[in-house]
Amino acid sequence: MSLELASSHGQDRHWSRHAARYDDLFLDPFRPGVVNPLLDALDAVQNPESKSVIDLGCGTGPLLPLLTRRFGAVTALDFAPAMIDRARKRLGEAAGHVTFETRPMHQLGDFAGKFDVAVAINSLVMPDVRAIDETLRAVHAALKPGGLLLAIVPAMDAIRYHTMLLWDQALDQGREPESAERLAAVRGEHAYYDFAFGRFLFQGLRQKFWESFEIEYRLRKAGFSDVALDRVLYPWDDDQIGGAEFADQPKSWDWSFAAHP
Ligand SMILES: C[S@@+](CC[C@H](N)C(=O)[O-])C[C@H]1O[C@@H](n2cnc3c(N)ncnc32)[C@H](O)[C@@H]1O
């Protein structure tokens with residue numbers, strides 16, 4: 001692996017910098033009103049008290065209280081020290097039941113065959129797809145036979161869906177096509193996106209956005225089988241540009257998936 005990949009492009013520092021204001025900046029897949037199939041998939045795990053789980057890219061730890069209540073052994077991994085700090089604080093005394101690991105998630109060599117379940121919520125976002133592939137292979141090796149990977153990843157096609165709604169709205173309001181496209185691009189914040197290669201750059205954070213075909217492709221490439229896709233559905237509210245104006249349209253989404261090694 002290249003040195004550049006091993007240092008994760010300095011993204012660990014950028015994520016640490018965003019730890020304090022994380023809740024203001026990111027869509028929360030656990031907030032009320034969100035339809036989140038990953039929570040049902042976690043509920044469906046049989047005998048969780050005898051099972052081990054790793055939260056990959058745990059961030060400020062929104063999922064950790066649920067994992068510590070249900071699972072016998074919980075590991076929380078993030079390469080950003082400030083995220084790990086916030087996750088510990090969120091848990092309080094329960095932090096004593098969690099093993100914290102501050103490292104990049106492609107470095108799982110010492111965990112071979114250790115986990116029943118791996119969870120990655122909006123954390124498979126490395127802008128270098130070599131790091132994604134390396135990580136998925138590492139997660140595959142860290143799971144027990146019959147184990148389960150559950151993940152949510154940001155959806156690139158949802159950004160284009162949002163763009164379509166903004167564009168059509170501007171046309172319906174009587175704008176000329178060129179002006180409608182310009183307005184949709186500004187309101188849809190296209191300046192931050194690279195639509196061809198599925199990337200998003202905002203305040204120093206470079207994140208990968210996914211298409212459904214790429215999820216299936218990269219998971220299979222890393223050795224996973226039975227990749228089942230689903231969607232996290234977000235309400236049209238103030239967290240999305242134009243929010244309430246689209247209340248009668250189908251909801252926007254992120255991709256969620258379950259896969260077996
Ligand atoms: C968008 S946040 C999501 C955090 C948390 N899972 C949640 O749902 O709130 C992405 C997290 O993944 C971490 N992360 C990104 N790339 C990583 C990598 N290669 N190795 C370890 N952690 C990583 C970041 O530090 C950040 O805490």
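In strand E4 (residues 115-121), 7 of the 7 residues are buried, so the strand is largely enclosed by the rest of the structure. The model is predicted. E4 belongs to an open sheet of 7 strands with mixed pairing.

- Strands of a sheet pair through backbone hydrogen bonds, either parallel or antiparallel.
- Strand E1 (residues 52-56) runs parallel to E4, and 3 bridges join the two.
- Asp55 has Val119 as its bridge partner in E4.
- Ile54 has Ala118 as its bridge partner in E4.
- Helix H6 (residues 81-91) packs on the sheet, where it touches strand E2 (73-78) and E3. The direction of H6 makes about 165 degrees with that of E3.
- E4 also pairs with strand E5 (residues 143-153), in the parallel sense and over 6 bridges.
- Ala118 stands opposite Leu149 in E5.

**Helices H8 and H9**

- Helix H8 (residues 156-172) packs with helix H9 (residues 177-187) at an angle of about 140 degrees. Their axes are 8 Å apart.
- Angles over 145 degrees count as roughly antiparallel. H8 and H9 are therefore oblique to each other.
- The crossing of H8 past H9 is right-handed.
- H8 contributes Thr163, Leu166, Trp167, Gln169, Ala170 and Leu171 to the contact. H9 meets them with Pro177, Ala180, Glu181, Leu183, Ala184 and Arg187.
- By class, this contact of H8 with H9 has 8 nonpolar, 2 polar and 2 charged residues.

**Helices H7 and H10**

- Helix H7 (residues 129-142) and helix H10 (residues 212-221) cross at roughly 55 degrees, and their axes come within 9 Å.
- That angle makes H7 oblique to H10.
- H7 passes H10 in a crossing that is right-handed.
- Val129, Ile132, Asp133 and Leu136 are the H7 side of the contact. Glu214, Arg218, Leu219 and Lys221 are the H10 side.
- The contact of H7 with H10 holds 4 nonpolar and 4 charged residues, with no polar ones.

**Met156 in H8**

- Met156 lies in helix H8.
- Relative accessibility is 1% for Met156, so this residue counts as buried.
- Met156 and Gly198 are 42 residues apart in sequence. In space, their C-alpha atoms are 6.3 Å apart.
- Neighbours within four places in sequence aside, Met156 is in contact with Tyr193, Asp194, Phe195, Gly198, Arg199, Phe209, Trp210 and Glu211.

**The loop between H4 and E1**

- Asn47 is in the loop between helix H4 (37-43) and E1.
- Phi of Asn47 is near 45 degrees, a positive value in a residue other than glycine.
- Asn47 has 48% relative accessibility and therefore counts as partly exposed.
- Glu49 also has its place in the loop between H4 and E1.
- Glu49, at 55% relative accessibility, counts as exposed.
- Leaving aside neighbours within four places in sequence, Glu49 is in contact with Arg70, Phe71 and Gly72.
- Glu49 and Thr68 are 19 residues apart along the chain, and 9.4 Å separates their C-alpha atoms.

- Asp226 is exposed, and its relative accessible area is 56%.

Notes. Residues are numbered from 1 along each chain as its sequence is written. This is a predicted model: local features need pLDDT of at least 70, side-chain atom pairs count only at pLDDT 80 or more; totals for chains, interfaces and linings use all residues. Side-chain values use heavy atoms; hydrogens and water are left out. Axes are lines fitted to C-alpha atoms, for helices over the stretch in contact, and angles run from 0 to 180 degrees between N-to-C directions. Helices (H or I, at least four residues) and strands (E, at least two) are DSSP runs, numbered from the N terminus. Angles under 35 degrees count as roughly parallel, over 145 as roughly antiparallel, 65 to 115 as roughly perpendicular and the rest as oblique. A crossing is left-handed if the near helix is turned anticlockwise from the far one by less than a right angle, and right-handed if clockwise. Contact means heavy atoms within 4.5 Å. Ala, Val, Leu, Ile, Met, Phe, Trp, Tyr, Cys and Pro count as nonpolar, Asp, Glu, Lys and Arg as charged, and the others, Gly among them, as polar. Buried means under 20% relative accessible area, exposed over 50%, partly exposed in between (1.4 Å probe, protein chains only). Two strands pair if DSSP finds at least two bridges between them.
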